[in-house]
Amino acid sequence: MIRAENNLALRKRDADPSFLLFALGGVAGLLQLTTQLPFGPGFETVAIAENLAHYGTFANPLLVLQSGPSALSPPLYPFLLAVFMKVLPSPSFVLLAVALGCVLANAVTAALLTRVSQLFYGAAAPGVFAGVLLLMAAQLLPSWDANYTAAALLAFCLYSAASVEKERVFPSTAYSGLLAGGIFLLNPMSALVFVPWLGYLLASTKVLLRRRVTYCCIVLGTVAVVTFPWALRNDQVFGAFLVRTGFGLNIYVSNNDCSGTNLSEDLHSGCAALYQPNFNLKEAQAFRDLGELKYDHQRLKMAEEWMKTHPQR
């Protein structure tokens with residue numbers, strides 16, 4: 001009885017900083033709603049979502065012209081935006097709904113940092129410190145998946161750490177794989193977090209090695225199954241089994257005669273208007289005529305040549 005009461009008190013103590021960070025994150029996010037948020041024309045993900053909502057195709061990410069089928073954005077977030085666009089009466093309501101989702105995601109991220117901290121350090125204090133730093137720097141980014149991806153990654157880490165120790169392999173392992181697959185379709189770069197995390201569970205969890213290996217293999221296998229239809233679609237459209245395009249484009253717009261150290265600087269200097277197909281008609285026409293993948297490869301080669309001749313830049 002005493003031990004149960006102590007465990008209850010411990011859980012309550014550990015929950016307090018999580019709730020406080022969640023509440024602070026909510027307040028901070030609601031205050032940010034009064035500022036101008038990045039959303040609407042000029043954002044590729046939003047343009048794809050609008051095309052999905054109105055025409056039912058994953059296409060036309062550019063502002064200046066219709067460029068055809070696209071894989072410039074991972075699929076899940078444009079689909080979520082398209083749902084909002086279909087069911088809500090106006091763009092202002094869509095922005096409000098998505099921005100409130102970002103507020104909630106940032107608050108959840110701050111709260112979950114204490115839980116992850118307990119996993120690593122056995123104490124919530126480092127997570128509280130990290131949560132405060134997050135809330136000081138966090139922005140609402142309704143045009144991108146970033147707020148949602150961060151919260152989902154922490155949720156995956158916590159759920160997988162708990163489910164890997166369960167005696168029954170299913171269904172918790174499949175749920176972990178579905179969650180990881182969904183996060184991967186939100187942002188493929190999330191693999192840089194959840195794959196090493198699975199390695200951490202493989203090395204640190206105190207269950208049988210066979211159980212750990214089975215768990216990690218099922219999770220990664222489920223991610224592959226979830227991703228396969230999207231990659232197959234891209235193979236049929238672009239002739240390559242890939243999750244997204246855009247690497248060459250981003251290297252190209254970041255490595256040229258006028259590029260600065262960040263996108264904001266390039267937008268204000270006018271450099272983005274010279275190289276970014278979302279703003280430059282000539283680049284947009286090449287983007288459309290070559291197709292996303294060929295354009296991506298060609299611009300990557302151009303950027304590589306520029307880097308070779310401008311090593312200091």
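Visitor: Why is cysteine 157 called buried in this predicted model?
Guide: Buried means under 20% relative accessible area. Cysteine 157 has 5% relative accessibility, so cysteine 157 counts as buried.

Visitor: What about cysteine 216: which cysteine sulfur is nearest?
Guide: That of cysteine 217, 7.0 Å away. The limit is 2.5 Å, and cysteine 216 is in no disulfide. At 9% relative accessibility, against a cut-off of 20%, cysteine 216 is also buried.

Visitor: How many disulfides does a search of the whole structure find?
Guide: One. The sulfur atoms of cysteine 258 and cysteine 271 are 1.9 Å apart, which is within 2.5 Å, so the pair qualifies.

Visitor: Where in the chain do the two partners, cysteine 258 and cysteine 271, lie?
Guide: Cysteine 258 is in the loop between α10 (247–254) and α11 (263–269), and cysteine 271 is in helix α12 (residues 271–275). The two are 13 residues apart.

Visitor: Why is the disulfide of cysteine 258 and cysteine 271 given a hand, and which one?
Guide: The torsion about its S-S bond is about 80 degrees, so the disulfide is right-handed.

Visitor: What makes cysteine 258 partly exposed?
Guide: Its relative accessibility is 30%, which falls between the 20% limit for buried and the 50% limit for exposed. Cysteine 271, at 2% relative accessibility, counts as buried.

Visitor: What makes α2 mostly covered?
Guide: Nine of its 12 residues are buried. Among them are Glu44, Val46, Ile48, Asn51 and Leu52. The cover over the buried residues of α2 includes α3.

Visitor: How does helix α3 (residues 76–87) compare with its expected length?
Guide: Its 12 residues reach 17 Å from the first C-alpha to the last, close to the 16 Å expected.

Visitor: Why are the buried residues of α3 said to line one face?
Guide: The buried residues are Tyr77, Pro78, Leu81, Ala82 and Met85. Seen down the axis of α3, they fall within an arc of 140 degrees, so they line one face of the helix. The face turned away from this buried side carries the exposed residues Lys86 and Val87. What covers the buried residues of α3 includes α2 (44–55), α4 (91–121), α6 (146–163) and α7 (172–186).

Visitor: How do α4 and α6 pack?
Guide: At an angle of about 35 degrees, with their axes 8 Å apart. The crossing is left-handed. Cys157 takes part on the α6 side, where the residues in contact also include Tyr148, Leu154 and Leu158; on the α4 side they include Val98, Leu112 and Val116.

Visitor: At what angle do α10 and helix α14 (residues 292–309) pack?
Guide: At about 35 degrees, with axes 7 Å apart, in a left-handed crossing. The residues that meet include Phe247 and Tyr252 from α10, and Tyr295 and Arg299 from α14.

Visitor: Why is leucine 290 called partly exposed?
Guide: Leucine 290 has 33% relative accessibility, which lies between 20% and 50%, so the label is partly exposed. Leucine 290 is in helix α13 (residues 281–290). Leaving aside neighbours within four places in sequence, leucine 290 is in contact with Tyr295 and Gln298.

Visitor: How many helices and strands does the chain have?
Guide: The chain has 14 helices and zero strands. Of its 313 residues, 46% count as buried.

Note on methods: Residues are numbered from 1 along each chain as its sequence is written. This is a predicted model: local features need pLDDT of at least 70, side-chain atom pairs count only at pLDDT 80 or more; totals for chains, interfaces and linings use all residues. Side-chain values use heavy atoms; hydrogens and water are left out. Helices (H or I, at least four residues) and strands (E, at least two) are DSSP runs, numbered from the N terminus. Buried means under 20% relative accessible area, exposed over 50%, partly exposed in between (1.4 Å probe, protein chains only). The expected span of a helix is 1.5 Å times one less than its number of residues. The arc is that of the directions from the helix axis to the C-beta atoms. Contact means heavy atoms within 4.5 Å. Axes are lines fitted to C-alpha atoms, for helices over the stretch in contact, and angles run from 0 to 180 degrees between N-to-C directions. A crossing is left-handed if the near helix is turned anticlockwise from the far one by less than a right angle, and right-handed if clockwise.
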